[in-house]
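Have a look first, then read on.

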Amino acid sequence: MPSPSFLSRRPPPPLLLLLGLWPVWAPAAAPGSPDCPEACACAPGGQANCSGRALRAVPAGLGRRVRALLLDHNHVRALPARAFAGSDALRRLDLRDNGLRWLHARAFGGLDALQQLDLSANRLEALAPGTFAALRALRALSLAHNRLAVLAPAAVGALPLLQALSVQDNELAELAPRLLAGLPALRALHLRGNPWACGCALRPLCAWLRRHPQPAPEAETVVCASPGRLALSPLTAFPDAAFSHCAQPLAPWDLAVIYALGPVSFLASLAICLALGSVFTACRARRRRRAAASRPPRRPPNSNSDAGWASPADPGSPAAAAAQV
């Protein structure tokens with residue numbers, strides 16, 4: 001009697017567990033299933049491919065098993081608050097070329113595990129404060145080919161794990177000093193295609209570029225657009241001595257001292273003004289009292305000493321002589 005084959009034997013419990021987790025045996029999720037939106041095609045590894053489906057909104061039915069969502073080349077013009085609710089395991093999100101114009105400040109709320117976010121080739125002109133603040137695990141962010149004229153630190157927030165940031169082909173003239181301070185792990189920064197104004201405001205960016213040399217093609221194409229005498233000069237060509245005429249930014253300790261002493265000095269100045277006003281008023285009142293005390297007393301109007309007038313009782317007066325006649 002032939003011996004039973006290996007596959008016909010009942011595997012032990014640990015082997016059953018490994019076979020159950022092996023991705024080759026997991027069937028692809030059909031469109032419309034609980035883990036796959038109806039308008040998308042889903043792969044076994046947790047990828048939902050919704051590219052080029054003419055979608056106008058984020059598709060419903062995103063499950064917790066979706067790890068990569070491809071929504072590029074659609075018509076999603078705006079993202080409301082918590083647009084991807086329920087996709088807690090999402091690691092990669094591709095929103096390229098959607099014509100995006102507006103993002104709610106909490107559009108990415110709940111995506112605590114997101115590591116890659118691509119928002120390139122859209123029409124974003126501004127970002128609300130806190131747009132990316134919830135993405136603490138983010139490692140790569142692309143905002144390339146938009147219409148951003150300002151990239152505020154409040155919009156980006158503190159992203160401790162972000163390693164790559166692309167803002168190329170926008171309308172940025174400068175980067176706020178505090179923006180790079182909130183990205184301690186940043187190593188790759190794509191900047192070309194922006195009208196950089198090479199003034200004092202660009203000092204922190206030039207210092208960052210010196211500390212983190214970029215590949216030659218990238219470094220050579222990041223050039224000044226203004227002022228005219230510096231046009232086409234690479235940003236990496238400016239040493240720190242070139243900014244010696246610029247005022248040094250205040251340190252956090254200096255700002256704290258200013259904020260603490262400002263109200264105190266105001267109240268002290270107000271108290272001094274009140275004290276000096278009170279002293280001046282008291283001195284003036286005292287001077288008036290002294291002046292009043294040094295004046296002679298006023299005589300009554302019908303006093304006998306008035307010149308040119310005689311008392312009726314005076315016998316030598318004309319009135320007394322007339323009375324005797």
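There are 2 aromatic pairs here, counting rings of Phe, Tyr and Trp (its six-membered ring) whose centres lie within 6.5 Å, with planes under 30 degrees apart called stacked, over 60 edge-to-face and the rest tilted. This is a predicted model, where local features need pLDDT of at least 70, side-chain atom pairs count only at pLDDT 80 or more, and totals for chains, interfaces and linings use all residues. Residues are numbered from 1 along each chain as its sequence is written, and side-chain values use heavy atoms, leaving out hydrogens and water.

**The ring pairs**
- Phe-84 and Phe-108 are stacked, at 6.3 Å centre to centre with 5 degrees between the planes.
- Phe-84 sits in the loop between β4 (78–79) and β5 (92–94) and Phe-108 in the loop between β6 (102–103) and β7 (116–118), so this pair ties together parts 24 residues apart in sequence. (Strands are DSSP E runs of at least two residues, helices H or I runs of at least four, numbered from the N terminus.)
- Phe-108 is buried, with a relative accessible area of 1%; buried means under 20%, exposed over 50% and partly exposed in between, using a 1.4 Å probe and protein chains only.
- Phe-108 also stacks with Phe-132, at 6.1 Å and 20 degrees.
- Ring pairs join Phe-84, Phe-108 and Phe-132 into a cluster.

**The core**
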